[in-house]
Amino acid sequence: MVIYRRNRVAGASYFFTHVLHDRQSLWLCEHVELLRAAYGHVQRRWPFETRAIVVLPDHLHCIWALPPGDDDYAGRWRLIKSQFSALLRRQGVSAGCRGAQRRAVWQHRYWEHTLRDERDMNNHLDYIHLNPLKHGLVERVADWPYSSFRRYVERGDLPLDWGGQVDLADGRYGE
């Protein structure tokens, strides 16, 4: 069995990608209120700052900043994912089930990247906010409802028409 080494730096900022087991699923957007409930519950009990997030039908990307002295992002993600899965099942969604067999709702592995500096942070912020456009879900970044983009617009950090004419082929954003 391969042992994955994760970079754990207390108080650091991290970029994450989490993907549903069934890549054809739309559960994250169809049941975004359940994801918000699980996410919020964990965030209240084990604080972290969400600097940016985008939720797409089958995966999500986000940037977290952990509190000083704390490096347990894995524990937080385990709880968020398990609570979301349980909430789906309680709502009668046959998530992760095929007949009498149970399958995972989420892929077991996920992508994590420790952000190195402000440039790295900005590249990943752009990647997160451009992701719905990249996947062809919207024609303008501002049109995707499950993103922190509007928060950046409201704070005056980005204009509402940001990302409108982006050449996605140049690859100069995020991972």
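Q: Is Asn-131 buried or exposed?
A: In this predicted model, Asn-131 counts as buried because its relative accessibility is 1%, and the cut-off for buried is under 20%.

Q: Where does Asn-131 lie?
A: Asn-131 lies in helix α4, which covers residues 118-134.

Q: Which residues does Asn-131 touch, not counting those up to four places away in sequence?
A: Asn-131 touches Val-54, Leu-56, His-59 and His-61.

Q: Turning to the largest nonpolar core, which residues touch the most other members?
A: Those are Phe-16, Trp-64, Trp-77, Ile-80 and Phe-84, out of 27 residues in that core.

Q: Which elements each supply at least two residues of this core?
A: The strands are β1 (13-19), β2 (49-55) and β3 (59-65), and the helices are α1 (27-30), α2 (32-45) and α3 (73-90).

Q: What does Trp-77 touch, leaving out residues up to four places away in sequence?
A: Trp-77 touches Phe-16 and Trp-64, along with His-18, Tyr-39, Leu-60 and Cys-62.

Q: What does the second, separate core include?
A: That core has 21 residues, among them Cys-29, Leu-115, Ala-142 and Tyr-152.

Q: On another topic, where is His-31 found?
A: His-31 is in the loop between α1 and α2.

Q: Why does His-31 count as buried?
A: The relative accessibility of His-31 is 16%, and buried means under 20%, so His-31 counts as buried.

Q: Which residues is His-31 in contact with, leaving aside neighbours within four places in sequence?
A: His-31 is in contact with Phe-84, Leu-88 and Val-93. Of these, Phe-84 was named above among the residues that touch the most other members of the largest nonpolar core.

Technical notes: Residues numbered from 1 in each chain as written. Predicted model: local features only at pLDDT ≥ 70, side-chain atom pairs only at ≥ 80, totals over all residues. Heavy atoms only, no water. Core = buried A, V, L, I, M, F, W, Y, C linked by side-chain atoms within 4.5 Å. Buried < 20%, exposed > 50% of the residue type's maximum accessible area, 1.4 Å probe, protein only. Helix = DSSP H or I, 4+ residues; strand = E, 2+ residues; numbered from the N terminus. Contact = heavy atoms within 4.5 Å.
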